[in-house]
Amino acid sequence: MPFVFFDVETTGTNTAFDQVVQFAAVRTDDRLNELEVFEVRSRLLPTVVPSPVAMRVNGVTVEQLADPALPSHYEMVRRIRQKLLPWSPAVFVGFNSLDFDEHMLRQAFYKTLHPPYLTNTRGNSRCDAMRLIQASTIFAPGALAVPTIDGTRKTYKLDRLAPANGFDHEDAHDALADVRATIHLCRMLREAAPQFWSSAIRLCRKSAAIDFVMTQHVFGLTEFFWGRGYSCVVSMIGHDDSNDNHLYVANLAVDPRSLAGLSEPALRLRVGQRPKPVRCIRANAAPTLWSIDTEKDEVFPEALGADVYELARRAAFLEDNANLRARLISAFEAGREPHEPSPHVEKQIYDGFPTDADNTLMNSFHEASWPDRLAIVERFQDARLHELGCRLIHCERPDLLDDVARRRHDERIARCLLGLDNAVGWLTLREAVQQANDILVETNLPHIRAHRDFLQRRLADAMRLAL
């Protein structure tokens with residue numbers, strides 16, 4: 001299967017309220033030979049406040065954000081989908097993409113009335129190169145050079161990893177340069193550790209991950225938190241009824257017989273304590289799973305916690321005790337933080353799927369002329385889609401709205417930019433100006449000074465509209 005390596009540059013790190021301003025992707029064959037290149041930029045949305053901290057890192061200028069020759073955000077998203085859909089099915093690979101780039105891309109699709117899950121539907125699967133490289137330090141040590149901070153703590157930042165492995169990354173934080181740096185690292189990993197590479201890529205497919213978990217009586221799980229790997233030996237105990245991507249496993253370092261006699265309150269308390277008895281595997285997020293064998297026994301003595309025969313007995317005890325498995329799952333789910341509904345449509349992306357009728361209307365929206373799109377938006381059953389559609393029309397074709405509707409949207413944007421309403425979860429103009437001033441005290445960067453002046457002009461405009 002081919003690969004699609006991609007990267008985004010954004011106005012900040014808030015996945016709900018920031019935006020993509022540059023997208024780049026390279027399609028390769030299964031041997032990572034480059035086949036096609038795609039890159040597109042977007043001008044700034046009127047609702048978004050670019051973070052000077054982010055602009056300092058990625059070097060995006062005011063001129064680029066405001067360039068009228070660039071596509072609008074909506075036009076950029078349309079071009080991205082027109083390129084990625086014909087490239088599917090493929091394995092989509094980014095660097096730290098499962099925690100950031102994926103969410104930014106989904107938000108871009110969602111806010112422009114497109115299905116958000118392109119990278120893990122239509123036969124596509126996804127993989128995070130940073131997690132692959134982290135796993136390689138355990139399963140294929142020496143395959144890549146991993147730099148350290150102060151000679152002790154490993155760092156997995158792309159702008160440090162790529163040069164440490166022979167890649168000229170002078171243009172770090174440019175989307176296309178970061179894509180090519182990621183491909184370079186993956187090529188090296190594939191060549192140095194082909195068995196590890198093929199096994200990891202196979203588990204990028206949700207079906208393969210589920211099949212592995214369902215057919216292995218006892219197996220290993222490795223997870224990474226803050227760059228550190230944690231391994232344990234586990235056994236399948238069930239799945240999340242509300243999300244079939246989530247598989248529950250028991251950590252066999254904890255003897256299940258010690259849990260069986262606990263009361264429900266005591267069991268809920270124990271499930272939250274270390275070593276945690278229950279883990280959740282996300283089958284659609286390329287989990288790091290491994291079979292128990294002699295080699296792994298030597299690599300992971302701390303993960304085993306007991307000899308393999310005792311681990312097998314613990315797994316058998318769980319298999320024979322359906323009630324305990326159910327109680328463990330119930331205790332684990334009780335400890336999860338409940339999803340708090342948000343008043344902001346930007347944060348409602350995961351609050352259910354659109355109906356078939358609304359999906360049909362979304363397709364019709366993109367095929368229609370702008371004057372006809374307003375009538376289509378009025379027919380959406382999903383309140384989120386109706387609001388997003390109205391905002392999209394106001395952004396792209398405000399002339400199609402009557403004076404009252406146009407003024408309402410102008411005032412809404414101004415109030416958001418100023419942070420005048422409750423529960424502000426985004427960067428406001430005043431905060432961004434302060435960020436720029438703080439940077440300029442530290443170092444006099446001309447392009448940050450230009451950003452500060454740009455933000456101050458927007459601040460004055462927003463105050464006039466909001467008052």
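The crossing of helices α5 and α7 is left-handed, and it makes a friendly place to start in this predicted model. Two packed helices are described by the angle between their axes and the distance between the axes. For α5, which covers residues 129-139, and α7, which covers residues 175-192, the angle is about 35 degrees and the axes lie 11 Å apart. To see where the two helices touch, look for Ala129, Leu132, Ile133 and Ser136 in α5, which meet Thr182, Leu185, Cys186 and Leu189 in α7. By class, the residues of this contact are 6 nonpolar and 2 polar, with no charged ones.

Now turn to another pair of helices, α3 and α4. They pack at an angle of about 110 degrees, and their axes are 10 Å apart. Angles of 65 to 115 degrees count as roughly perpendicular, so α3 is roughly perpendicular to α4. Here too the crossing is left-handed, as α3 passes α4. On the α3 side the contact is made by His73, Val77, Ile80 and Arg81, and on the α4 side by Leu105, Ala108 and Phe109. Sorted by class, these contact residues give 5 nonpolar, 1 polar and 1 charged.

The stretch of chain around these two helices holds some details of the backbone. In the loop between α3 and β4, where β4 spans residues 91-94, you will find proline 89. The peptide bond leading from serine 88 to proline 89 is cis, with omega near 0 degrees. In the loop between β4 and α4 sits asparagine 96. Asparagine 96 has a phi near 60 degrees, which is a positive value in a residue other than glycine. Elsewhere in the chain, the bond from arginine 274 to proline 275 is also a cis peptide bond, with omega near -10 degrees. Proline 275 belongs to the loop between α11 (264-271) and β11 (278-282).

Helices α3 and α4 come up again when we look at the open spaces of the model. Both are among the elements that supply at least two residues each to the lining of the second largest pocket, along with β5 (125-128), α9 (206-215), β10 (243-251) and α16 (356-367). Of these, which gives the most to the lining? That is α16, with 5 residues. The pocket holds about 1,500 Å³ of space. Its lining is made up of 47 residues, and Arg106, Tyr117, Asn243, Tyr350 and Phe353 lie nearest the centre.

The largest cavity has a volume of about 120 Å³. Its lining has 13 residues, and those nearest the centre are Tyr110, Pro116, Ile349, Gly352 and Pro354. By class, the lining of the largest cavity divides into 10 nonpolar, 2 polar and 1 charged.

How much space lies in the second largest cavity? The answer is about 40 Å³.

How values were computed
Residues numbered from 1 in each chain as written. Predicted model: local features only at pLDDT ≥ 70, side-chain atom pairs only at ≥ 80, totals over all residues. Heavy atoms only, no water. 1 Å grid on protein atoms, 1.4 Å probe; cavity = no way out; pocket = protein on both sides within 12 Å on 5 of 7 lines; lining within 4 Å. Points joined across faces, edges and corners; volume = space filled by probe spheres on them. Helix = DSSP H or I, 4+ residues; strand = E, 2+ residues; numbered from the N terminus. Axes fitted to C-alpha atoms, helices over the stretch in contact; angles between N-to-C directions. Parallel < 35°, antiparallel > 145°, perpendicular 65-115°, else oblique. Left-handed = near helix turned anticlockwise from the far one by under 90°. Contact = heavy atoms within 4.5 Å. Nonpolar A, V, L, I, M, F, W, Y, C, P; charged D, E, K, R; others polar.
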